[in-house]
Amino acid sequence: MHSQSIRAIIFDIGGVLEIAPQRISISERWETRLGLPPGEIDTRMEDVWRGGAIGAITEADVHRSLEDRLGLSAAQVAEFMADLWTEYLGTLNTELAAYFGALRPRYTTGILSNSFVGAREREQERYGFGDLADHIAYSHEIGVSKPDPRTYRLVCERLAVRPEQAIFVDDAERCVEGARAIGMHGVHFRTNAQAIAEIEALLSR
């Protein structure tokens, strides 16, 4: 395979470009604070988390649900959401972000991320992902989440490449498998060195 056959490289965000703990720890913290049994917050908010991930609800809807379902005051809602975004955004994987940014202009770059309503603005403000990639497809904006095949097809269309011309990098194996199922090259992210080596190997074929 000629190296020119790869034209686009697409990265996931959470667990790849961002190193972030799971949201469960904030739920646990707030369950302790509110005297709720373990798992109660995510049970009560399950449809809200799901709706926020595909943009079926607004940030205001999320805030109202926290008030209605958990009995939080407006001040507590603000505090809960600040905690949620701190966990969600995590810290930047600076080495990998620098590598990703340096792939242009030789390659088109994209981001495909399962996300939550409000993520674009906060990630752009904190990390400038919109300046790193040619296009970002967030699940809350496209209305569907990985590993649905439509997510991968859509990002390839928006980057004007065929699936076989694209590499997709994700820390979730099922999402990598979803990309491979439509013909993309998949790299299962575990460490920076491993992922970069696998990408470079595909590019040098």
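Buried means under 20% relative accessible area. By that cut-off L84, with a relative accessible area of 4%, is buried. The legends below describe close-up views of a predicted model.

**View 1. L84 in helix α4.** L84 is part of helix α4, which spans residues 74-89. With a relative accessible area of 4%, the residue counts as buried. H140 is 56 residues away from L84 along the chain, and the C-alpha atoms of the two are separated by 16 Å.

**View 2. Packing of helix α2 against helix α3.** Helix α2 covers residues 40-53 and helix α3 covers residues 59-70. On the α2 side the contact is made by I41, R44, M45, D47, V48 and W49, which meet V62, S65, L66, R69 and L70 of α3. Sorted by class, the contact of α2 with α3 has seven nonpolar, one polar and three charged residues.

**View 3. Packing of helix α3 against helix α4.** The axes of α3 and α4 are 10 Å apart, and the helices pack at an angle of about 120°. The two helices are therefore oblique to each other. The crossing of α3 and α4 is right-handed. From α3, the residues E59, V62, H63, L66 and E67 meet A74, V77, F80, M81 and W85 of α4. The contact of α3 with α4 divides into seven nonpolar, one polar and two charged residues.

**View 4. The aromatic pair W49 and F116.** A pair of aromatic rings is described by the distance of the centres and the angle of the planes. The structure holds eight aromatic pairs. In the pair shown here, the ring centres of W49 and F116 are 5.9 Å apart and the planes stand at 65°, so the pair is edge-to-face. W49 belongs to helix α2, whereas F116 sits in the loop between β4 (108-113) and α6 (119-127); the pair links distant parts of the chain, 67 residues apart. W49 counts as buried at 8% relative accessibility, and F116 counts as buried at 5%. Both residues belong to one aromatic cluster, formed by W30, W49, F80, W85, Y88 and F116.

**View 5. The aromatic pair Y152 and F168.** The ring centres of Y152 and F168 are 5.5 Å apart and their planes are at 75°, so this pair is edge-to-face. Y152 comes from helix α9 (residues 149-159) and F168 from strand β6 (residues 166-170), so the pair ties together parts that are 16 residues apart in sequence. Y152 is buried, with a relative accessible area of 0%. F168 is buried as well, with a relative accessible area of 0%.

**View 6. V117 and its surroundings.** V117 is located in the loop between β4 and α6. At 13% relative accessibility, V117 counts as buried. Neighbours within four places in sequence aside, V117 is in contact with G52, I57, T58, E59, V62, W85 and H140. Of these contacts, E59 and V62 are among the α3 residues that meet α4, and W85 is among the α4 residues they face in that packing. V117 and L34 are 25 Å apart in space, C-alpha to C-alpha, and 83 residues apart in sequence.

**View 7. The loop between α9 and β6.** Two residues of this loop are described here. Q165 lies in the loop between α9 and β6, and is buried, with a relative accessible area of 8%. Residues up to four places away in sequence not counted, Q165 touches S5, I6, R7 and A8. A160 is found in the loop between α9 and β6. With a relative accessible area of 54%, A160 is exposed. A160 has a positive phi of about 60° although it is not a glycine.

View 8. R104 and P105 are joined by a cis peptide bond, with omega about 5°. P105 is placed in the loop between α5 (94-102) and β4. The bond from K146 to P147 is cis, with omega near 5°. P147 lies in the loop between α8 (139-142) and α9.

Conventions
Residues are numbered from 1 along each chain as its sequence is written. This is a predicted model: local features need pLDDT of at least 70, side-chain atom pairs count only at pLDDT 80 or more; totals for chains, interfaces and linings use all residues. Side-chain values use heavy atoms; hydrogens and water are left out. Axes are lines fitted to C-alpha atoms, for helices over the stretch in contact, and angles run from 0 to 180 degrees between N-to-C directions. Helices (H or I, at least four residues) and strands (E, at least two) are DSSP runs, numbered from the N terminus. Contact means heavy atoms within 4.5 Å. Ala, Val, Leu, Ile, Met, Phe, Trp, Tyr, Cys and Pro count as nonpolar, Asp, Glu, Lys and Arg as charged, and the others, Gly among them, as polar. Rings of Phe, Tyr and Trp (its six-membered ring) pair if their centres lie within 6.5 Å; planes under 30 degrees apart count as stacked, over 60 as edge-to-face and the rest as tilted. Buried means under 20% relative accessible area, exposed over 50%, partly exposed in between (1.4 Å probe, protein chains only). Angles under 35 degrees count as roughly parallel, over 145 as roughly antiparallel, 65 to 115 as roughly perpendicular and the rest as oblique. A crossing is left-handed if the near helix is turned anticlockwise from the far one by less than a right angle, and right-handed if clockwise.
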